[in-house]
Amino acid sequence: MIKIAPSLLSADFAALGAEVAEAQASGADWIHVDVMDGHFVPNITLGPPIVKAVKAHTTLPLDVHLMIEKPELYISDFVAAGAGVITVHAEACVHLHRVIHQIKEHGILAGVAINPATPASAIKEILGDVDLVLVMTVNPGFGGQAFIPGTMNKIREIRNWANAIGHDLRIEVDGGISESTAPLVAEAGADVLVAGNAVFGRKDRAAAISAIRAAAENR
Ligand SMILES: O=C(CO)[C@@H](O)[C@H](O)COP(=O)(O)O
Ligand SMILES: [Co+2]
């Protein structure tokens with residue numbers, strides 16, 4: 001089953017409550033929340049107080065994508081704020097195994113993300129421990145960038161490894177996902193599709209979400 005996770009990065013930050021409620025009413029499965037610290041990526045967005053405020057406006061799982069250094073210092077704050085999924089970058093964690101288990105101890109889903117230039121092998125040893133692998137299909141930091149097609153080989157590789165060990169892994173893709181790129185990533189093995197611009201950049205969010213879902217499912 002394909003999940004669609006609209007990214008709040010492209011929503012109206014002055015009206016996040018209404019934006020998240022509309023995304024839920026429009027058929028979103030998860031709400032993707034991009035946390036950036038100005039160090040790991042060259043942009044700064046939001047922290048736990050905003051996640052908590054957003055959570056009050058939706059019953060959907062909040063899919064928190066941490067693009068921050070030393071994510072281990074903030075896991076419990078994001079859990080307390082209402083995160084249902086927390087994903088950390090492999091590139092930002094010296095002790096990735098420890099951070100993944102720190103997330104899982106809170107009883108929520110744990111994910112690991114890799115940048116476009118990071119090989120899939122960087123997460124092979126942790127694959128059986130995570131609920132989700134996030135394959136970045138753009139360089140993290142900004143919404144509205146163009147999809148990088150070369151990332152698709154990694155989706156296939158990771159899906160094959162997960163199948164080989166019988167692991168029911170979610171593979172999420174993030175960056176430049178739209179009606180036209182959704183079939184490609186779904187065919188490669190992705191099943192959680194983050195979409196910022198392609199949902200919040202359109203007036204009719206329900207039409208946008210169902211078009212992406214249909215494109216992925218009818219590939
Ligand atoms: O994590 C990020 C960017 O770093 C994303 O979640 C973006 O928000 C995706 O935006 P679009 O490419 O879909 O507009
Ligand atoms: Co993201």
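**Reading contacts and burial**

Tutor: Start with contacts. Two residues are in contact if their C-beta atoms, placed from the backbone, lie within 7 Å. Setting aside neighbours within four places in sequence, His65 is in contact with His32, Val33, Asp34, Val35, Thr87, Ala113, Leu134 and Asp174. A caution: this is a predicted model, where local features need pLDDT of at least 70, side-chain atom pairs count only at pLDDT 80 or more, and totals for chains, interfaces and linings use all residues. Residues are numbered from 1 along each chain as its sequence is written, while chains are lettered from A and ligands numbered from 1 in the order in which they are written.

Student: Where is the place of His65?

Tutor: Strands (E, at least two residues) and helices (H or I, at least four) are DSSP runs, numbered from the N terminus. His65 is in strand β3, residues 62-67.

Student: Why does His65 count as buried?

Tutor: Count the other C-beta atoms within 10 Å of the residue's own, all placed from the backbone: 20 or more is buried, 12 or fewer exposed, in between partly exposed. His65 is buried because it has 27 C-beta neighbours inside 10 Å.

Student: What about Asp129: buried or partly exposed?

Tutor: Asp129 counts as partly exposed, because it has 15 such neighbours inside 10 Å. Asp129 lies in the loop between β5 (109-114) and β6 (132-136). Not counting residues up to four places away in sequence, Asp129 touches His97 and Ile100.

Student: How far apart are the C-alpha atoms of Asp129 and His97?

Tutor: They are separated by 8.1 Å, with the residues 32 apart along the chain.
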